Amino acid sequence: MTPLAGFADRLVAWQRQHGRHDLPWQVSDPYAVWVSEIMLQQTQVDTVIPYYVRFLARFPDLASLAEAPEDAVLALWSGLGYYARARNLHAAAKRVLADHGGVFPGDVAAIAALPGIGRSTAAAIAAFAFGGRHAILDGNVKRVFCRLFGVDGWPGEKAVETALWHLAEALLPEREIVPYTQGLMDLGATLCRRSRPDCPCCPFADDCVACRDGRQAELPAARPRKGLPERSTVMLVLRHGGEILLEKRPPSGIWGGLWSLPECAPGDDPVAAARRLGYSAEPLAELPGLSHTFSHFRLAIRPVALAVARRAPGAGEPGALWLAPADAVQAALPTPVRRIIAAL
């Protein structure tokens with residue numbers, strides 16, 4: 001795999017004429033660049049933009065984010081998924097405030113040492129915010145390189161990823177790092193798409209192995225398929241005086257740190273489960289079931305509404321919250337829980 005002659009110059013020329021220049025995070029503010037790069041991990045641009053705009057309006061600088069309660073951060077992230085990103089973003093803001101005097105570091109090693117930031121994300125932040133010369137290798141770039149150079153194998157495999165990093169480093173230009181880095185991202189997002197790539201408009205169509213051999217659909221190779229395991233849960237919609245009970249989930253694991261509905265196993269009696277929580281309750285109705293797919297399993301949810309005769313003495317303690325449904329949907333909730341409450 002020999003790097004193409006003039007690759008960087010051709011890419012930069014294409015980016016200046018055809019790339020994206022109006023994204024809201026295309027600014028020199030390291031904080032704004034950092035927030036966008038975290039949001040863009042595993043999430044497409046069109047989905048991220050409204051979340052990014054709301055997030056920056058509420059937390060316009062690093063200090064405001066660091067000093068905010070975690071619930072406020074998670075509430076603005078709710079619906080974006082992969083909530084560990086939000087918790088890491090919050091933790092990193094606190095770290096920058098404590099260790100760097102509130103000034104986002106410009107050194108790529110210092111950036112990579114912050115929670116939730118890997119090699120490629122650190123390189124992108126360093127490039128866009130500080131003009132640092134560092135190679136990136138996000139999902140879009142992996143797809144471009146696999147097709148352009150005919151790299152076989154799933155990019156998640158260590159040997160394949162190592163080969164792609166060698167390419168990324170070899171192709172890195174000495175100058176114009178910002179348009180080059182943006183060009184790689186733009187090429188993958190707008191032309192070299194996962195499906196229906198626009199090869200006729202690609203500046204590298206004549207050099208591309210996948211285009212030449214008609215292998216666009218098979219490059220990059222897909223992750224080896226495994227059937228998604230199925231899991232089930234019952235969510236208890238405990239109602240009292242026009243309010244419902246939310247519980248704070250543990251800080252780690254699925255939906256870590258979010259507010260959710262109490263749960264019990266599918267074989268448990270919901271009334272008995274409510275009693276174990278300290279509530280005397282009677283069943284109201286079963287609500288429509290729903291399914292939620294995670295990256296590694298699929299969760300079937302059966303919501304059951306119960307009328308609570310009286311609140312338990314400890315219901316006002318941290319970790320338990322009674323809210324009207326209209327207020328509850330504004331909390332930091334997992335998407336399926338929000339759907340259940342909104343349907344009430």
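# Helix packing and ring pairs in a predicted model

The buried residues of helix α6 are covered by several elements, including α2 (30-39), α3 (45-58), α4 (62-66) and α5 (70-77). The model is predicted, not determined by experiment.

Helix α6 spans residues 84-99, which is 16 residues. From its first C-alpha to its last, α6 reaches 22 Å. That is close to the 22 Å expected at 1.5 Å a residue.

Which residues of α6 are buried? They are R85, A86, R87, L89, H90, A92, A93 and V96. The list holds arginines and a histidine as well as alanines, a leucine and a valine.

Now look at what flanks the helix. Y82 sits in the loop between α5 and α6. Y82 is not a glycine, yet its phi is positive, at about 45°. Is Y82 buried or partly exposed? Its relative accessibility is 41%, so Y82 counts as partly exposed. Just after α6 comes G101, with a positive phi of about 65°.

## The whole protein

Step back for a moment. The protein has 15 helices and 8 strands. Its C-alpha atoms fill a box of roughly 75 × 50 × 30 Å, taken along the principal axes. Of its 344 residues, 48% are buried. Consider the contacts between residues at least 6 apart in sequence: 68% of them join residues at least 24 apart.

Take A163 and L187: they are 24 residues apart in sequence, and their C-alpha atoms are 20 Å apart. A163 lies in helix α10 (residues 158-171). With a relative accessible area of 21%, A163 is partly exposed. The cut-off matters here, because buried means under 20%.

## Where α9 meets α10

Two packed helices are described by the angle between their axes and the distance between the axes. For α9 and α10, the angle is about 90° and the axes are 10 Å apart. That makes α9 roughly perpendicular to α10. From α9, the contact uses K142, F145, C146 and F149. From α10, it uses E161, L164, L167, A168 and L171.

F145 and F149 belong to this contact, and they also pair with each other through their rings. Their ring centres are 6.1 Å apart, with 70° between the planes. The pair is edge-to-face, because planes over 60 degrees apart count that way. Why are the two separated by about one helical turn? They are 4 residues apart in helix α9 (residues 139-149). F145 counts as buried at 0% relative accessibility. F149 is buried too, with a relative accessible area of 11%.

A second pair is built from F294 and F297. Their ring centres lie 4.6 Å apart and their planes meet at 25°, so this pair is stacked. F294 is buried, with a relative accessible area of 13%. F297 is buried as well, at 4%.

How many aromatic pairs does a search of the whole structure find? It finds 11. Ring pairs also link F7, Y180 and F204 into a cluster.

| Residue | Relative accessible area |
|---|---|
| F145 | 0%, buried |
| F149 | 11%, buried |
| F294 | 13%, buried |
| F297 | 4%, buried |

## Backbone features in two further loops

The loop between β2 (243-248) and β3 (259-260) holds W255. W255 is not a glycine, but it has a positive phi of about 55°. Is W255 buried or exposed? W255 is buried, with a relative accessible area of 6%. Y82, by contrast, is partly exposed at 41%.

P220 lies in the loop between α12 (209-213) and β1 (230-240). What kind of peptide bond joins L219 and P220? The bond is cis, with omega at about -5°.

Definitions and conventions: Residues are numbered from 1 along each chain as its sequence is written. This is a predicted model: local features need pLDDT of at least 70, side-chain atom pairs count only at pLDDT 80 or more; totals for chains, interfaces and linings use all residues. Side-chain values use heavy atoms; hydrogens and water are left out. Rings of Phe, Tyr and Trp (its six-membered ring) pair if their centres lie within 6.5 Å; planes under 30 degrees apart count as stacked, over 60 as edge-to-face and the rest as tilted. Buried means under 20% relative accessible area, exposed over 50%, partly exposed in between (1.4 Å probe, protein chains only). The expected span of a helix is 1.5 Å times one less than its number of residues. Contact means heavy atoms within 4.5 Å. Axes are lines fitted to C-alpha atoms, for helices over the stretch in contact, and angles run from 0 to 180 degrees between N-to-C directions. Angles under 35 degrees count as roughly parallel, over 145 as roughly antiparallel, 65 to 115 as roughly perpendicular and the rest as oblique.
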